[in-house]
Amino acid sequence: MTKPSSSGLPATGLPATGLPATGLPATGLTVVDPGLLSLLIDSGRNAVQRFGFCESGPMDHDAYWWANWLVGNASDACALEIMGDAEFRLDVHAQVAVTGPAASLAVNQQQQADWTTVSVSPGDSLQVRAGKPGQRAYLAIAARWAVRSVIGSVCTVAREHLGGLDGIGSALRAGDTIPLAEVSPRLVRTLNPEYRPNYDLSAPLGVVLGYQHHAFSATAKSFFFNSDYRVSSKINRMGYRLSGTAVACSNRSLRSEGINLGAIQVPPDGQPIIMMRDRQTLGGYPKLGCVVLSDINRLAQAVPGDEVTFKAIDMNDARAAYLLKLQKRARLTRGTV
């Protein structure tokens with residue numbers, strides 16, 4: 001982690017890779033084909049929303065976390081978030097892993113086991129498929145990433161011109177090379193299917209009602225919790241717009257306020273918008289509630305045309321479910337969270 005500057009803002013510089021600012025390796029991972037979109041990410045810009053920067057971080061935090069665990073990285077290490085079919089060339093000895101719903105990894109066109117650590121050699125070609133168009137795969141590499149952090153993170157946020165390989169929010173392009181330094185070989189790990197995240201959208205997404213829910217009539221809330229909503233084509237890392245039964249709200253004049261991950265904003269047309277990782281820091285639309293943290297990763301892997309439903313749950317039950325998930329993960333990984 002970077003130390004705060006005297007202004008209170010996190011300082012820029014290299015993340016905790018142990019690499020000096022000079023003499024960085026010129027080789028590492030070369031982008032042959034970025035697919036639809038390939039981004040450098042880490043765990044995000046924590047505690048800087050008050051300065052006007054978005055949280056960022058991986059859209060599917062579960063898949064990102066497991067990818068890093070599979071190769072023995074720290075839980076906040078750099079990784080790639082990939083949409084579409086991408087190809088890379090690795091110029092160092094390393095171990096890699098790919099995660100995500102229906103994501104797959106091939107090395108030199110040879111298919112590899114799912115959710116498993118794979119050893120690769122210099123010159124090897126990696127082909128990553130992210131499943132359905134619009135879903136995301138995560139590529140983790142056991143190495144020290146020589147990438148400069150901006151405001152405490154390498155996360156790529158195009159809207160804010162922050163992060164990424166160039167430091168100004170650009171997505172990865174063909175020909176880009178990410179400098180990597182080799183680390184000692186590590187244990188090979190596999191995550192069996194029964195322990196992988198559940199991406200089934202047939203189960204409702206949990207919602208904790210917010211303090212503004214009284215602005216929505218009992219009828220409006222009943223419509224929302226008893227209707228199917230379709231994920232529209234208007235989705236990105238900032239938010240997911242849904243289409244379905246309009247939700248009416250009596251309060252349309254609100255002051256802008258902080259926006260939480262998963263917040264369900266309802267604009268004047270009544271079509272809900274779920275706020276995601278790159279959401280704006282402030283918003284003035286009324287909010288019905290918030291999709292719980294345990295379910296936000298399922299939504300993040302939804303694609304246009306998928307249908308979702310919602311159910312209201314108690315705040316304490318939502319917290320207990322999330323803590324139980326972390327406890328199960330810690331037991332499975334012998335203490336790693």
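On a 1 Å grid over the protein atoms alone, a pocket is an open set of points with protein on both sides within 12 Å along at least five of seven lines, whereas a cavity is a set of points where a 1.4 Å probe fits but cannot get out; lining residues have an atom within 4 Å of a point. Grid points are joined across faces, edges and corners, and a volume is the space filled by probe spheres set on the points. The structure is a predicted model, in which local features need pLDDT of at least 70 and side-chain atom pairs count only at pLDDT 80 or more, while totals for chains, interfaces and linings use all residues. Residues are numbered from 1 along each chain as its sequence is written, and side-chain values use heavy atoms, with hydrogens and water left out.

At least two lining residues of the largest pocket come from each of α1 (61–70), α3 (293–300) and α4 (315–332), and α4 contributes the most, with 7 residues. When the lining of this pocket is sorted by class, 12 residues are nonpolar, 3 polar and 9 charged, where Ala, Val, Leu, Ile, Met, Phe, Trp, Tyr, Cys and Pro count as nonpolar, Asp, Glu, Lys and Arg as charged, and the others, Gly among them, as polar.

In the segment after α4 lies T333, which counts as buried because its relative accessibility is 7%. The side chain of T333 reaches the backbone oxygen of R329 at 2.7 Å, and, with contact taken as heavy atoms within 4.5 Å, T333 touches W65, W66 and W69 when residues up to four places away in sequence are not counted.

The structure holds 15 salt bridges, each defined as a side-chain nitrogen of Lys or Arg within 4 Å of a carboxyl oxygen of Asp or Glu. K325 pairs in this way with D62, the closest N and O atoms being 3.0 Å apart; since K325 lies in helix α4 and D62 in helix α1, the pair ties together parts that are 263 residues apart in sequence. K325 is partly exposed at 24% relative accessibility, whereas D62 is buried at 9%.

In the salt bridge between K132 and D306, the closest N and O atoms are 3.6 Å apart, and the pair links distant parts of the chain, with K132 in the loop between β9 and β10 (136–141) and D306 in the loop between α3 and β21 (307–308), 174 residues apart. K132 is partly exposed at 40% relative accessibility, while D306 is buried, with a relative accessible area of 17%. A network of salt bridges links E81, R136, R237 and D278.

The largest cavity has a volume of about 50 Å³ and is lined by V98, A103, S104, L105, A113, D114, W115, T116 and V118, a lining with 6 nonpolar, 2 polar and 1 charged residues.

P272, in the loop between β17 (263–265) and β18 (273–275), is buried at 1% relative accessibility. The C-alpha atoms of P272 and S243 are separated by 7.3 Å, although the two residues are 29 residues apart along the chain. Leaving aside residues up to four places away in sequence, P272 touches F224, Y229, Y240, R241, L242, V247, I264 and Q265.

Terms used. Helix = DSSP H or I, 4+ residues; strand = E, 2+ residues; numbered from the N terminus. Buried < 20%, exposed > 50% of the residue type's maximum accessible area, 1.4 Å probe, protein only. Polar contact = N/O pair within 3.5 Å; in protein donor to acceptor, adjacent residues only side chain to side chain.
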